[in-house]
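Hi,

Here is the structure I said I would pass on to you.

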Amino acid sequence: MTSEIAIIERNTLTALGLQTILEEFIPQAVIRVFHSFEELIDDTPDMYAHYFVSTAIYFEHTAFFLERRPKSIVLSAGESQIPIGVPVLNTFLPQEKLIKAFMNMRDRGHEMTHHRTKPQPQSDAPTLSAREIEVLVLVTKGYINKEIADKLNIGLTTVISHRKNITEKLGIKSASGLAIYAVMNGYIDADSI
């Protein structure tokens with residue numbers, strides 16, 4: 001059976017390089033390159049087995065790609081603040097490391113797509129409590145600790161404790177990094193930041 005793979009990437013060199021690697025490792029697949037999200041939508045977007053999408057396009061159209069998880073893989077250009085739990089392929093790796101990362105991702109992808117009835121728990125993926133998610137959303141909206149405490153009817157030290165726990169669980173220290181995590185995991189819409 002022939003599967004089709006979409007590469008949604010504005011950078012032509014990145015798209016062509018990835019297309020070459022994918023054609024080498026999955027010769028039976030049809031690889032299509034789109035230089036914008038609109039080009040993908042003008043095609044038949046739901047027919048693809050996988051979407052390799054640039055970070056910028058992923059952020060602009062997060063809702064679309066979250067609905068197509070784990071088929072969506074974010075193409076990172078070496079950004080260090082891509083959230084945990086989102087499949088990422090760093091296109092700035094040397095070719096041999098990029099190929100190894102792709103192979104690892106492919107193996108994990110087969111596990112994820114072929115065992116849908118019994119998903120494998122991701123022990124390394126952090127889980128935030130409902131309250132931590134509420135705090136995270138307010139942080140990404142620009143609220144300061146005192147405002148978060150007032151809004152959630154909790155103490156200031158509790159807010160600080162939640163923020164510390166979020167930072168430790170995710171390994172993300174900056175507010176912008178937390179915002180990226182929140183958007184990419186569907187906790188907040190990019191337009192509301």
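**The sheet**

Strand β3 (residues 50-54) and β4 run parallel and are joined by four bridges. One of the pairings to click on is Tyr 51, whose bridge partner in β4 is Ser 72. On to the next neighbour: β4 also pairs with strand β5 (residues 88-90), again in the parallel sense, over three bridges. There, Leu 75 has Leu 89 in β5 as its bridge partner.

Zooming out, these strands belong to an open sheet of five, in the order β2-β1-β3-β4-β5, with parallel pairing. The edges are β2 (30-34) and β5, each with a single partner strand, so one side of each has no neighbour in the sheet. From one strand to the next, the twist averages 20 degrees.

The mean pLDDT of the protein chain is 79, and 80% of its residues reach 70 or more. The stretch I would flag is residues 110-123, where pLDDT stays under 50. For that stretch the model has five contacts beyond four places in sequence. Where pLDDT is low, the predicted coordinates should not be read in detail.

The largest nonpolar core has 19 residues, and the members that touch the most others are Leu 136, Ile 148, Ile 166, Leu 170 and Leu 178. Helices α6 (130-140), α7, α8 and α9 (175-184) each supply at least two residues of this core. Which of them gives the largest share? That is α6, with five residues. There is also a second, separate core of 15 residues, and Ile 5, Phe 52, Leu 89 and Ile 99 are among them.

**Salt bridges**

The count comes to eight salt bridges. Here are some of them.

- Asp 46 with Arg 68: the closest N and O atoms are 2.7 Å apart. Asp 46 is in the loop between α2 (37-42) and β3, while Arg 68 is in the loop between α4 (62-66) and β4, so this pair ties together parts that are 22 residues apart in sequence.
- Arg 68 with Glu 67: their side chains meet at 3.4 Å, N to O. Arg 68 counts as buried because its relative accessibility is 13%, under the 20% cut-off. Glu 67 is exposed, with a relative accessible area of 63%.
- Lys 164 with Glu 168: these side chains meet at 3.8 Å, N to O. Both residues lie in helix α8, four residues apart, which is about one turn of the helix.

Which residues do shared partners join into one network? Asp 46, Glu 67 and Arg 68.

**Two residues around α8**

Asn 153 sits in the loop between α7 (145-152) and α8 (156-170). Most residues other than glycine have a negative phi. Asn 153 is not a glycine, yet its phi is positive, at about 55 degrees. Is Asn 153 buried or exposed? With 70% relative accessibility, Asn 153 counts as exposed.

His 162, in helix α8, is a contrasting case to look at. Its relative accessible area is 15%, so His 162 is buried. Leaving aside residues up to four places away in sequence, His 162 touches Arg 131, Glu 132, Val 135 and Ile 154.

That's what I have for now.

Cheers

Definitions and conventions: Residues numbered from 1 in each chain as written. Heavy atoms only, no water. Buried < 20%, exposed > 50% of the residue type's maximum accessible area, 1.4 Å probe, protein only. Contact = heavy atoms within 4.5 Å. Pairing = 2+ DSSP bridges. pLDDT = per-residue confidence, 0-100. Axes fitted to C-alpha atoms, helices over the stretch in contact; angles between N-to-C directions. Core = buried A, V, L, I, M, F, W, Y, C linked by side-chain atoms within 4.5 Å. Salt bridge = Lys/Arg side-chain N within 4 Å of Asp/Glu carboxyl O.
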